[in-house]
Amino acid sequence: MIKYIAHRLLSIIPMILGVSLIVFLLIYLTPGDVLSEARAQHDIPREYIREMEKLYGLNEPWYTQYFLWLKNALTLNFGESWTFKVSVLELLIERIPVTLLLTGTALVIAWSIAIPLGVLAAMYKDSIFDKISALLAYAALSIPEFFLALLAIFFAAQTGWFPIGGQTTITYEFMSSWEKFVDVLYHLILPSFVLAIGGVAGMMRIMRANFLDHIRADYVTTARAKGLSEPVVMFRHVLRNAINPLITALGFAFSGLLSGALLVENIMDYPGLGQLLYQAFMKQDQHLVMAAVLMSCMMLIFGNLFADLLLAWNDPQVRLGED
């Protein structure tokens with residue numbers, strides 16, 4: 001296990017370098033740079049702009065700029081955001097936990113809904129419940145995420161039951177610890193459900209198919225022959241084996257939620273890493289884009305690593321790192 005984890009951690013290095021290089025080249029090839037907006041403002045001294053060009057290496061070849069950024073990034077010095085006028089690292093520390101909270105909550109909601117529905121649909125195969133759940137799953141898959149987010153905003157505006165945007169209210173700083181927790185949770189409900197709905201459908205169909213396969217397995221017949229009750233057979237034996245492919249797909253589900261979070265955060269005005277990344281792209285804030293994409297890539301890699309470790313914990317037959 002330790003050997004496998006070390007191997008995966010070492011494999012992160014070339015992946016991060018490759019992603020950062022591709023993103024840097026894409027930004028470099030676009031017209032303008034991080035100081036384009038500053039040059040258009042006549043109240044900023046030309047001497048200051050020339051100092052910034054020298055500091056960022058904007059007059060140097062692209063490879064020199066890239067290695068200058070990489071050298072600073074190794075010491076967690078991602079530079080300063082020209083758009084927000086603060087350290088990039090400070091912005092990341094502020095926004096990454098927000099996105100992790102959103103995607104983590106959406107993942108918990110998706111699993112909490114998809115697994116019971118998938119199990120029940122398999123146990124009552126071809127029943128009315130199975131057909132209705134399949135219909136709802138295909139309907140959820142066919143609705144674009146941005147349209148669902150717009151519908152959620154419209155629903156919140158019309159009913160007043162949920163906040164339209166933001167992570168906290170204006171009076172958040174004056175609340176007690178419990179009131180702060182409730183306030184954050186209250187603002188989290190709508191965007192997390194919007195983000196989770198798309199994942200519920202796919203997970204539910206996977207769970208149903210796996211459960212049906214394991215119901216017909218020989219070990220289920222043996223367990224029934226031993227006199228075990230049907231709930232014990234279904235939930236202690238079948239469910240534990242049927243859930244393994246879903247755990248394997250956890251990394252892909254997490255990546256899908258991360259990409260979906262960018263859309264949901266911008267439409268629903270939720271201040272996470274996705275919203276920050278979009279604003280940085282629009283302003284051509286090179287340092288902020290590079291750091292945000294790098295952090296998103298690392299979150300995805302560690303999400304896949306966590307899924308593999310969870311699979312090994314759930315299934316003792318899996319031996320990671322062994323041929």
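Helices here are DSSP runs of at least four residues, and strands are runs of at least two, numbered from the N terminus. Keep in mind that this is a predicted model.

**Stop 1: the whole chain.** Colour the chain by secondary structure. You will find 14 helices and 0 strands, so the pattern along the sequence is α-α-α-α-α-α-α-α-α-α-α-α-α-α. Now show the surface: the chain exposes about 18100 Å², with carbon and sulfur atoms supplying 68% of it. Of the 323 residues, 40% are buried. Among contacts with a separation of 6 or more, 73% join residues 24 or more positions apart.

**Stop 2: the cavity.** How many cavities of 30 Å³ or more does a search of the whole structure find? The search finds 1, and the volume of this largest cavity is about 40 Å³. Select Pro163, Ile164, Gly165, Gly166, His187, Pro191, Met268 and Tyr270 to see its lining. These lining residues comprise 5 nonpolar, 3 polar and no charged ones.

**Stop 3: the second largest pocket.** Next, select Ile16, Ala73, Leu74, Leu294 and Met298, which lie nearest the centre of this pocket among its 14 lining residues. The pocket holds about 260 Å³ of space.

Which helix gives the most to the lining of this pocket? Show H1 (2-29): H1 gives the most, with 5 residues. By class, the lining has 13 nonpolar residues, 1 polar and no charged.

To finish, colour domain 1 (1-77) and domain 2 (88-319) separately: each provides at least three residues of the pocket's lining.

Notes
Residues numbered from 1 in each chain as written. Predicted model: local features only at pLDDT ≥ 70, side-chain atom pairs only at ≥ 80, totals over all residues. Heavy atoms only, no water. Buried < 20%, exposed > 50% of the residue type's maximum accessible area, 1.4 Å probe, protein only. Contact = heavy atoms within 4.5 Å. Areas by Shrake-Rupley, 256 points an atom, 1.4 Å probe, with all protein chains shown as cover. 1 Å grid on protein atoms, 1.4 Å probe; cavity = no way out; pocket = protein on both sides within 12 Å on 5 of 7 lines; lining within 4 Å. Points joined across faces, edges and corners; volume = space filled by probe spheres on them. Nonpolar A, V, L, I, M, F, W, Y, C, P; charged D, E, K, R; others polar. Domains from an automatic or database assignment.
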